[in-house]
Structures are given as structure tokens and as C-alpha cells.
Amino acid sequence: DKFNRFDLLTFVMGVIEAATNPPACIDGTPGGNGFFTAFRAARAFKLARKWKSLNQLLSAIVSSMGEILNFLLFLLLFMLIFSLVGMELFATRYQFDPDNFAMAFNNTNPQTRLHRSNFDSIVWAAFTVFQFLTYDNYPAVMYDGWIAVGASSPVFASIVIITGVFIVMNMFSAILVQSVMDGNEDSNAESHQVDITSDSGNNPHDPTSNKAVDERSADRRAPPSQLRSRSIRAARRAMRMLLRLNEKNANPEDP
């Protein structure tokens, strides 16, 4: 079992960590909790064995890992583009005096205050864009931009939030939902296959039962339009049979 192997791995790593960094109760020195100690918390994923919904979610995440990596690459590209646009518009503009009034850029002025969120470098520009995407105190950044630059700063922040949060970030939810739906379809197909196998296993030498099983399996795989056409043809055959029976009942002397 993979989970038993994982438990064995965490146990061995815990023994190695205790030997290299013993706790205070053994040698009297304070031993800090290392990475392997925190790694044991991953054993909680064993709940996925009995928790069906959690198992489906984890399976969906693992199966859609390729799409998630593509999404992360697209997110980094999105942040890079808006970081460069922000540097072009607001670089060296987020300069304030001690009274929080905007002032011209001057590196030699000791009273110049540079807030944490700015666009003076690519690193801090990406940090500011990420702050917009996560709603982390973004009104303060918009207010600083309104004071230093004007109305263009709130417009820029609104564009980042609308395109980044409501469009780009929702792509991640769409990827997971699609993966869960694909997993449900696969499980339903497997259950249908099990039902077909059990039906055919009752009397494998009976051609009538095998033919009926084949027809049911074909009906399950057929598209809705084909099923409707089959139903219409069956209804027409039934109507013709009823008309013939009515004619025979009306003329009982006919052979």
C-alpha cells in the first residue's frame, strides 16, 4: 500500500532527525522542529482513502497537473505584462513626504518616503500586481496612486482586478471543475461496464441474453439524436401492428 510506504518513510525520517537533532528532553539542548517534523502532517491525506469527495478532488488535482502548470505559466506572464505597464506609467512616482503628500523624485532628499507598494523595480511592481490579485490592502495602493499620479492609478488597478481576478483566476476553478467532471464520467463508465459484465455473466452461452446486453451497451453509447430516431421507428412499428390487429378484429372472417 502506498500510504503504508509513506508512513514508513516518515517514520525513518523522524528517527534520522531525532538522531541528528535530539530534543531537549534527551540532551538538555533546545532542538528546533525541522522540516521532517512538519512533513508528518501530510499523513492527514490518508483520509482520502475513506473520504470519497476528498479522494475525487485530489485525483482531479493530480490528473490536471499539466493544465495547472500551463495556468501558472500564463499567470506569471500576466503579472509580468502588467508589472511592465505599471513601471512605464508609475515608476518613481510613488514618492511622498512625511505628511504623505506626493513629491518629485529625489534620491538625495532624506525626507522622501517610499511606500512598500510601488513600481520602481520589476520585483516590487510584480509584488504590487500580486497585491491587487489577492485583494491585500489594495485600496491603500489605489489611494497612494490617486495622490501621486491621479485617476490613472485607480483605472489601472481596476483593469488588473477585473481581468486578473474575474477572468484569469477563475480559469483555475474551471480546470478543477472540468477534471472532477471527467473523473465522474470515467467512474460512471466503469460502473456501466461492470453492470454489462455482470449481466452477461449470468448466462454467457445464451445468445439472446448476449444480444440484449450488446443492444443495451450500444444504446448507452449512442448519441441522443440516434436514440430519438430509434424510438420513433419503434413507435411507428407499434402503430402498424395495432392497425393490423384492429383490421383483423373488424374482419374476423379474413384469414
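You're looking at a predicted model, where local features need pLDDT of at least 70, side-chain atom pairs count only at pLDDT 80 or more, and totals for chains, interfaces and linings use all residues. Residues are numbered from 1 along each chain as its sequence is written, and side-chain values use heavy atoms, with hydrogens and water left out.

**Whole chain**

Start with everything selected. The chain has 10 helices and two strands, and along the sequence they come in the order α-α-α-α-α-β-β-α-α-α-α-α. Counting contacts (heavy atoms within 4.5 Å) with a separation of 6 or more, 55% are between residues 24 or more positions apart.

**Two annotated spans**

Residues 68–91 are 96% helix and 0% strand, with end C-alpha atoms 32 Å apart. For 155–177 the span is 100% helix and 0% strand, and the end C-alpha atoms lie 32 Å apart.

**Helix 4 against helix 5**

Pick residues 52–63 (helix 4) and 65–90 (helix 5). They pack at about 65 degrees with their axes 5 Å apart; axes are lines fitted to C-alpha atoms, for helices over the stretch in contact, and angles run from 0 to 180 degrees between N-to-C directions. Show side chains for Ile61, Val62 and Ser63 on helix 4, plus Met65, Glu67 and Ile68 on helix 5, to see who makes the contact. By class, that gives four nonpolar, one polar and one charged residues. The classes are Ala, Val, Leu, Ile, Met, Phe, Trp, Tyr, Cys and Pro as nonpolar, Asp, Glu, Lys and Arg as charged, and the others, Gly among them, as polar.

**Threonine 92**

Next, click threonine 92, in the loop between helix 5 and strand 1 (95–96). Its phi is positive, about 60 degrees, although it is not a glycine. With 33% relative accessibility, threonine 92 is partly exposed.

**Helix 6 against helix 7**

Move to residues 122–133 (helix 6) and 138–148 (helix 7), which pack at about 125 degrees with axes 9 Å apart. Thr128, Gln131 and Phe132 of helix 6 meet Tyr138, Val141 and Met142 of helix 7. This contact has four nonpolar, two polar and no charged residues.

Is glutamine 131 buried or exposed? It's buried, at 3% relative accessible area. Its side chain makes a polar contact with the side chain of serine 117 at 2.5 Å; the term means a pair of N or O atoms within 3.5 Å, where within protein one must be able to donate a hydrogen and the other to accept it, and residues adjacent in sequence count only if both atoms are side-chain atoms. Beyond its neighbours within four places in sequence, glutamine 131 touches Arg116, Ser117, Asp136, Asn137, Tyr138 and Val141.

Finish on asparagine 137, in the loop between helix 6 and helix 7. Asparagine 137 has a positive phi of about 55 degrees without being a glycine, and is partly exposed at 48% relative accessibility.

Key
Helices (H or I, at least four residues) and strands (E, at least two) are DSSP runs, numbered from the N terminus. Buried means under 20% relative accessible area, exposed over 50%, partly exposed in between (1.4 Å probe, protein chains only).
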